[in-house]
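Subject: Handover of a structure for your review

Dear colleague,

I am passing on the structure below, and I would be grateful if you looked through it with the notes that follow. They begin with one residue and its surroundings and then turn to other places in the chain and to the chain as a whole.

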Amino acid sequence: MTDVLDRMDDDTALRNDGRTKLKIIDCDIHPSVHSREDLLQFMEKRWREHLATYGAHLRNPFTSTTPYPRIAPLISRRDAWPPTGGPPGSDLAFMQKQHLDAYNVEFGLLQVLDFFVPSQVNLEFGAALQRAINEWQYEFFQRPDPRLRASIVVGQDDPVAAVKEIERCAALGRHAQVNISPRANEPLGRRKYWPIYEAAQAAGLPLGIHVGGYGGHAPTASGWPSYYNEEHHSNAQTVASQLASLVIEGVPARFPRLKFVFIEGGFGWVPAITWRMDQHFERFRSEVPHLKRKPSEYVKEHFWFTTQPMEEPGSAEHLRQVIEWIGVERLLFSSDYPHWDFDDPRYAFRTPLSEAERKKIVNSNARAVYRFD
């Protein structure tokens, strides 16, 4: 392991000030609303009054925040709370100092979790909320700091409103991708969601699928977990099942120009589930005539995966083998700032990588996916 770390330091070539030589494209930065007042200015009077009187209505009752250990409120690092007050991720100047400037971030993709837009039961309120969130993240983060790029947050279980919002935002040309939640009411491959994929493809925007949300179902196949540890693991299980749904129900075949990015779900599980899909495809090919190729071919052509949280086996070579099977070109660096399991780009890859491979993962892959040039 010492040799691996030495090689890592040689590849990263840290400057004396602690920053990396390589410019970073961070595909998972979480901004937060400092106060409701920041968001209310982007909502009609009716919905401002609705939020003040009734609040949000999620599929899981009595929930106002994500599950988290008590030692890490708002699932964030202890040092990420801004000195000016407000929750982590709500102070742009502090984010710039602590993360963007400190780690030489060239671009950062904003992933908004506030208010759980995709999980709102009141669909009209959800539509108003998604528009407000999309305006807020642009005005409060992207406009004052163009390094940050907003995502179009939509509620996937209201496809009509989602398509309308995608088309509105795409016409403005401000946003870098469309974001939906993997914890939907139904598997994401179902045809009810296809209008969203069609709109994203027409807009030329990747589809980001960030873990989290509340779909009205238990996060595991066997019910509700007892511990946060189980809940945290279930994120990977959720995105793995959605990958299978999207591929087997023919979404990449139907929308060949659409790029899918799984965010914060890890990637160590990708080879195994892909092998299983290929094996079953050989036996049940007649059931899915819409698939003209093996599932693994669709995965390797249409899907990307962010690096955080990275599964790290005891042997660095084992991780290297996983990366080689998925393909270095399919991995996008993400830090998950300001959450407790944040990945420092200087030390994130404890496996031998060449400088060219490292550059692909931390910058050029995302540059191509999101067309930052």
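In which loop is Arg77 found? Please keep in mind while reading that this is a predicted model. Arg77 is found in the loop between H3 and H4, and at a relative accessibility of 14% Arg77 counts as buried, because the limit for that class is under 20%. The side chain of Arg77 makes a polar contact with the side chain of Asp79, at 2.9 Å. If neighbours within four places in sequence are left aside, the residues in contact with Arg77 are Gln98, Tyr337, Pro338, His339, Trp340 and Phe342.

Two of the residues in that list, Tyr337 and Pro338, are joined by a cis peptide bond, for which omega is near 5 degrees. Pro338 lies in the loop that runs between strand E9 (331–332) and helix H13 (355–369). Arg346 is found in the loop between E9 and H13 as well, and with a relative accessibility of 17% Arg346 counts as buried. The side chain of Arg346 makes a polar contact with the side chain of Asp344, and the distance there is 2.7 Å.

A cis peptide bond also joins Gln308 and Pro309, with omega at about 0 degrees. The place of Pro309 is in the loop between strand E8 (303–306) and helix H12 (316–326).

As background for these bonds and for the backbone angles that come next, most peptide bonds are trans, and most residues other than glycine have a negative phi. Ile75 has a phi near 45 degrees, which is a positive value in a residue other than glycine. Ile75 is found in the loop between helix H3 (45–53) and helix H4 (92–100), and Ile75 is buried, with a relative accessible area of 12%. Phe116 has a positive phi too, near 50 degrees, and is likewise a residue other than glycine. The loop in which Phe116 is found runs between strand E2 (105–110) and helix H5 (123–142), and Phe116 is buried at a relative accessible area of 12%.

Is His290 buried, partly exposed or exposed? With a relative accessible area of 34%, His290 is partly exposed, and its place is in the loop between helix H10 (270–284) and helix H11 (295–302). The side chain of His290 reaches the backbone oxygen of Ile248 at 2.8 Å. Apart from neighbours within four places in sequence, His290 is in contact with Ile248, Glu249, Gly250, Ala253 and Tyr298. For one of these, Gly250, the separation along the chain from His290 is 40 residues, while the two C-alpha atoms are separated by 6.3 Å.

Which residues does Tyr370 touch, not counting those up to four places away in sequence? They are Cys27, Leu109, Ala176, Gln177, Pro206, Val261 and Leu332. Tyr370 itself lies in the segment after H13, and Tyr370 is buried, with a relative accessible area of 6%. The C-alpha atoms of Tyr370 and Pro206 are separated by 7.0 Å, although these residues are 164 residues apart along the chain.

Turning to the chain as a whole, there are 13 helices and nine strands in it. The radius of gyration is 20 Å, close to the 21 Å that the globule rule gives for 373 residues, so the chain is as compact as a globular protein of that length. Along its principal axes, the C-alpha trace spans about 60 × 60 × 45 Å.

Of the 373 residues in the chain, buried residues make up 57%. When contacts between residues at least 6 apart in sequence are taken together, 80% of them join residues at least 24 apart. The accessible surface of the chain comes to about 16900 Å², and 51% of that surface belongs to carbon and sulfur atoms. As for charge, the chain has 44 positive and 48 negative side chains, and the centres of the two sets lie 4 Å apart.

With kind regards

Technical notes:
Residues numbered from 1 in each chain as written. Predicted model: local features only at pLDDT ≥ 70, side-chain atom pairs only at ≥ 80, totals over all residues. Heavy atoms only, no water. Helix = DSSP H or I, 4+ residues; strand = E, 2+ residues; numbered from the N terminus. Rg over C-alpha atoms; globule rule 2.2 N^0.38 Å. Buried < 20%, exposed > 50% of the residue type's maximum accessible area, 1.4 Å probe, protein only. Contact = heavy atoms within 4.5 Å. Areas by Shrake-Rupley, 256 points an atom, 1.4 Å probe, with all protein chains shown as cover. Lys, Arg positive; Asp, Glu negative; His and termini not counted. Charge placed at Lys NZ, Arg CZ, Asp CG, Glu CD. Polar contact = N/O pair within 3.5 Å; in protein donor to acceptor, adjacent residues only side chain to side chain.
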